[in-house]
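Work through each task with the structure at hand before reading the solution.

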Amino acid sequence: MIAAESNPAGLIRCRIDHSLCHPEQVRVLSDTQLPPDIQTRDISGVSTAAQRLYVLERYHARVCRRDTKDFKIERCYSFKATEKHPRHAHRGAAWGQAEGLQVLEDRIFLVIDNNGRVLRSDPSSTDTWLFEFRRPDGF
């Protein structure tokens, strides 16, 4: 699975043959005419676990489990309160900064890229974050 980040955002299912990607399914997800159960503004990461597809939707500050066939949203987990918490937020960040996703059996890991910005809580720090969340039941 490959993600197109934005303009347009979408998912590409590939068959890999001798290190070449042969697209088998391409779906643009950022088209504003799409219903809410499929549309997203951008994608900054994908992960698979237990035959399920997880998509990091940075602008919406959420991870969504999507159907592996039609890519419709099945369930989402928001991390906005953590990312925007005064201790973690970066100055000048108008939208989400999540750039990496790994979903495991019982955990979700997110990487926050500061893009060189300082923390609101400590202007001398340009710390980036690796958040670890317990994976919600049924997610």
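**Exercise 1.** Identify the ring over which the charged end of arginine 41 sits.

*Solution.* In this predicted model, the ring is that of tyrosine 59. The charged end of arginine 41 is 3.9 Å from the centre of that ring.

**Exercise 2.** Describe how strands S6 and S7 pair, and characterise the turn of their hairpin.

*Solution.* Step 1: Strand S6 comprises residues 62-66 and strand S7 residues 73-78. Step 2: The two strands pair in the antiparallel sense over five bridges; arginine 65, for instance, has arginine 75 in S7 as its bridge partner. Step 3: Six residues lie between S6 and S7 in the hairpin. In the turn, phenylalanine 71 has a positive phi of about 65°.

**Exercise 3.** Locate the disulfides of the whole structure, and classify the bonded cysteines as buried or partly exposed.

*Solution.* Because buried means under 20% relative accessible area, cysteine 14 is buried at 15%, whereas cysteine 21 is partly exposed at 33%. Step 3: Another disulfide joins cysteine 64 to cysteine 76, with an S to S distance of 2.0 Å. This pair links distant parts of the chain, with cysteine 64 in strand S6 and cysteine 76 in strand S7, 12 residues apart. The torsion about their S-S bond is about 100°, so this disulfide is right-handed. Cysteine 64 is buried at 0% relative accessibility, while cysteine 76 is partly exposed at 33%. Step 4: With the bonded cysteines numbered in sequence order, the pairing is 1-2, 3-4.

**Exercise 4.** Determine how many aromatic pairs the whole structure holds, and which residues ring pairs link into a cluster.

*Solution.* Step 1: The search of the whole structure finds five aromatic pairs. Step 2: Among them, tyrosine 54 and phenylalanine 139 form a tilted pair, 5.2 Å centre to centre with 55° between the planes. Tyrosine 54 lies in strand S5 and phenylalanine 139 in the segment after strand S10, so the pair ties together parts that are 85 residues apart in sequence. Both residues are buried. Step 3: Phenylalanine 131 and phenylalanine 133 also form a tilted pair, at 6.1 Å centre to centre and 50° between the planes. Phenylalanine 131 is buried at 9% relative accessible area, and phenylalanine 133 is buried at 11%. Step 4: Ring pairs link Tyr54, Tyr77, Trp129, Phe131, Phe133 and Phe139 into a cluster.

Conventions: Residues are numbered from 1 along each chain as its sequence is written. This is a predicted model: local features need pLDDT of at least 70, side-chain atom pairs count only at pLDDT 80 or more; totals for chains, interfaces and linings use all residues. Side-chain values use heavy atoms; hydrogens and water are left out. Two strands pair if DSSP finds at least two bridges between them. Helices (H or I, at least four residues) and strands (E, at least two) are DSSP runs, numbered from the N terminus. Buried means under 20% relative accessible area, exposed over 50%, partly exposed in between (1.4 Å probe, protein chains only). A disulfide is a pair of cysteine sulfur atoms within 2.5 Å. Rings of Phe, Tyr and Trp (its six-membered ring) pair if their centres lie within 6.5 Å; planes under 30 degrees apart count as stacked, over 60 as edge-to-face and the rest as tilted. A charge sits over a ring if NZ of Lys or CZ of Arg is within 6 Å of the ring centre and within 35 degrees of the ring normal.
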